[in-house]
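Reader: Please walk me through this structure. I want each label checked against its cut-off.

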Amino acid sequence: MRWWDLERVMELEEELFPEDAWSRGMFWSELAHARGREATRHYVVAEDVVAEDGPRLVGYAGLAVVDRTGDVQTIAAARDQWGTGLGARLLTDLLTAATAFECREVLLEVRVDNARAQRLYERFGFEPIGIRKGYYQPGNVDALVMRLADPATASAATTATTANGESGEPTTDTASTANSASTAHTANPANPATSSVQGTETHG
């Protein structure tokens with residue numbers, strides 16, 4: 001993700017998260033920590049490069065790292081891309097970044113009523129470790145906190161599985177394009193852009 005992606009990111013953000021969308025300033029703040037030798041963030045966007053009107057941003061994701069612990073900040077995808085398996089690839093991209101950051105663990109929050117997203121995370125090896133009451137506002141929905149103990153192992157395993165076509169369909173309620181027509185723009189030189197990514201809908 002680069003600064004020039006923010007206008008399109010904000011359009012998708014406000015569409016998918018109308019009640020608690022991040023502000024442009026929040027994204028700017030995250031990207032300010034996503035470059036250079038002291039980077040602690042990794043942000044990526046997915047584009048459909050064969051869209052009728054030209055390249056179209058269809059998803060994005062972000063990871064924060066503090067003291068070798070990764071935290072999935074956000075994963076989102078355009079509604080018309082749901083069901084394509086892109087969620088798994090965006091998550092794989094974040095775990096690859098976590099491995100580059102030498103993270104010992106990765107945490108995330110997911111709505112307790114989002115069973116499909118939880119199944120995706122479980123497939124990657126995430127395990128529930130607690131509940132955050134009323135985490136999602138204004139709906140006052142609890143968040144399930146999940147932890148992945150070994151992002152390097154999970155990233156390698158899921159990348160191989162996806163490459164073999166064994167997990168092409170996501171188990172979350174949001175996903176974006178996951179084929180050779182999708183390209184990724186990364187905001188952390190520790191993890192170069194991949195040729196395609198996938199995404200789920202999660203705000204951390």
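**Labels and cut-offs**

Author: Start with Glu105: at 19% relative accessibility, Glu105 counts as buried. This is a predicted model, where local features need pLDDT of at least 70, side-chain atom pairs count only at pLDDT 80 or more, and totals for chains, interfaces and linings use all residues. Residues are numbered from 1 along each chain as its sequence is written, and side-chain values use heavy atoms, with hydrogens and water left out.

Reader: Why is Glu105 called buried at 19%?

Author: Buried means under 20% relative accessible area, exposed means over 50%, and partly exposed is in between (1.4 Å probe, protein chains only). Glu105 has 19%, so it counts as buried.

Reader: What makes the contact of Glu105 with Arg147 a salt bridge?

Author: The term asks for a side-chain nitrogen of Lys or Arg within 4 Å of a carboxyl oxygen of Asp or Glu. Here the closest N and O atoms are 2.4 Å apart. The pair links distant parts of the chain: Glu105 is in strand β4 (residues 105-111) and Arg147 in strand β6 (residues 141-148), 42 residues apart. Arg147, at 32% relative accessibility, counts as partly exposed.

Reader: Why is Asp80 called exposed, and what is its link to Arg56?

Author: Asp80 has 55% relative accessibility, so it counts as exposed. Its side chain meets that of Arg56 in a salt bridge (3.0 Å, N to O). The two are 24 residues apart, with Arg56 in strand β2 (residues 56-66) and Asp80 in the loop between β3 (69-77) and α3 (86-100). Arg56 is partly exposed, at 29%.

Reader: Which residues of helix α1 are buried?

Author: In α1 (residues 6-16), they are Leu6, Val9, Met10, Leu12, Glu13 and Leu16. Seen down the axis, these fall within an arc of 170°, so they line one face of the helix. The arc is that of the directions from the helix axis to the C-beta atoms. On the other side of α1, Glu7 and Glu11 are exposed.

Reader: What makes α1 oblique to α2?

Author: Helices α1 and α2 (residues 24-32) pack at an angle of about 125°, with their axes 10 Å apart. That angle makes α1 oblique to α2. Under 35 degrees is roughly parallel, over 145 roughly antiparallel, 65 to 115 roughly perpendicular, and the rest oblique. Axes are lines fitted to C-alpha atoms, for helices over the stretch in contact, and angles run from 0 to 180 degrees between N-to-C directions.

Reader: What makes a set of residues a nonpolar core?

Author: The set holds buried Ala, Val, Leu, Ile, Met, Phe, Trp, Tyr and Cys residues joined through side-chain atoms within 4.5 Å. The largest has 27 residues, and those with the most contacts inside it include Leu63, Leu91, Leu95 and Phe126. Its largest share, 7 residues, comes from α3. A second, separate core of 19 residues includes Val9, Trp22, Leu31 and Val45.

Reader: How do you know that Leu95 is buried?

Author: Leu95 has a relative accessible area of 1%, so it is buried. Leu95 is found in helix α3. Its C-alpha atom is separated by 7.0 Å from that of Ala152, 57 residues apart along the chain.

Terms used:
Helix = DSSP H or I, 4+ residues; strand = E, 2+ residues; numbered from the N terminus.
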